Amino acid sequence: MHDFWWSLPLSVAVYWLARTLAARFKSPLVNPLLIAMAIIIPLLLLLRLPYSRYFAGSEILNQLLQPAVVALAIPLYEQIHQIRARWKLIITVCAIGSMTAMVSGTAIALWLGASQEIAATVMPKSVTTPIAMAVSATLGGIPAISAICVLIAGTLGAVFAHMLFNLLGIRSKAARGLAMGNASHALGTARAVEMDYQEGAFSSLALVICGIITSLLAPLIFPLLMRWIG
């Protein structure tokens, strides 16, 4: 905790700056997460400070992630009437999306010559980090690299998804939210909440359902893909 005095203020100050820039420029490319990484990572390298010290000093922020995720239940509760009316469609969309995410990523990795270990690492890239790491370990992948894959997928969705929605003419808040939560998990959901409260609610729902579906089906789908493609 001796790094608390500099690590926590640094995290808060950089995030405040990133949020200020994002609010001013109103561009998906000005993403608070990207800005924060672009500032903190070079700073740690320049000062030769190990990440373990930075993380230990600001660990309280990491502990707040759990209540923050639980708080996503609030928009879900407020949209419960729409969820009840569309629950069959929602589950179908999430099931198709989860299977597409798992099969496409793994198949592409195998076609490019990846080993079974790397293919297993890539497979759970579209679910939130704790689930992805657990699924990766179960399949024989590398959980740490899976976490990086999750970060990349979430960041790409948070930055580019809404531009793609607009380009394709997708206006439904439910459709946008389900797609975001399906492909870009927590980072995409955070962006969806910023854009529209209802969209964020459906993204939160997709995040949870897709995490459950992936954890259940990945151990069944992966051996089949290895037999057919690997």
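Predicted model: local features only at pLDDT ≥ 70, side-chain atom pairs only at ≥ 80, totals over all residues.
**Helix pairs**

| Pair | Angle | Axis separation | Crossing |
|---|---|---|---|
| H8 (residues 87–111) and H13 (residues 197–228) | about 45° | 8 Å | right-handed |
| H10 (residues 129–139) and H13 | about 15° | 10 Å | right-handed |
| H1 (residues 4–25) and H2 (residues 32–47) | about 140° | 8 Å | right-handed |

H13 packs against H8 at an angle of about 45°, and H13 also packs against H10, at about 15°. Angles under 35 degrees count as roughly parallel, and H10 and H13 are therefore roughly parallel to each other. H8 and H13, with their angle of about 45°, are therefore classed as oblique. The contact of H8 with H13 is made by 19 nonpolar and 3 polar residues, with no charged residue.

The pair formed by H1 and H2 has an angle of about 140°. To count as roughly antiparallel an angle must be over 145 degrees, so H1 and H2 are oblique to each other.

**The cavity**

How many cavities of 30 Å³ or more does the model contain? The count is 1 cavity. The space in the largest cavity is about 50 Å³. Its lining is made up of Ser98, Ala101, Met102, Met123, Pro124, Ser126, Val127, Asn182, Cys210 and Thr214. By class, 6 of these lining residues are nonpolar and 4 are polar, and no charged residue takes part.

Which helices each supply at least two residues of this lining? They are H8 and H13, the two helices that pack with their axes 8 Å apart. H8 gives the most, with 3 residues. The residue range of H8 is 87–111, and the lining includes Ser98, Ala101 and Met102. The range of H13 is 197–228, and Cys210 and Thr214 are among the lining residues. An α-helix has 3.6 residues a turn, so residues three or four places apart point the same way.

**The second largest pocket**

The second largest pocket holds about 360 Å³ of space. It is lined by 19 residues, of which Gly157, Ala161, Leu164, Ala183 and Ser184 are the closest to the pocket centre. Sorted by class, the lining of this pocket has 14 nonpolar, 3 polar and 2 charged residues.

Two helices, H11 (143–168) and H12 (173–195), each supply at least two residues of the pocket lining. Which helix gives the most to that lining? H11 does, with 10 residues.

H11 also has a bend of about 50° at Phe160. Gly169 follows H11 and has a positive phi, near 75°.

**Summary of the linings**

H8 gives the most residues to the cavity lining, and H11 gives the most to the lining of the second largest pocket.

Definitions and conventions: Residues numbered from 1 in each chain as written. Heavy atoms only, no water. 1 Å grid on protein atoms, 1.4 Å probe; cavity = no way out; pocket = protein on both sides within 12 Å on 5 of 7 lines; lining within 4 Å. Points joined across faces, edges and corners; volume = space filled by probe spheres on them. Helix = DSSP H or I, 4+ residues; strand = E, 2+ residues; numbered from the N terminus. Nonpolar A, V, L, I, M, F, W, Y, C, P; charged D, E, K, R; others polar. Bend = angle between axes of the 7 residues up to and from the residue. Axes fitted to C-alpha atoms, helices over the stretch in contact; angles between N-to-C directions. Parallel < 35°, antiparallel > 145°, perpendicular 65-115°, else oblique. Left-handed = near helix turned anticlockwise from the far one by under 90°.
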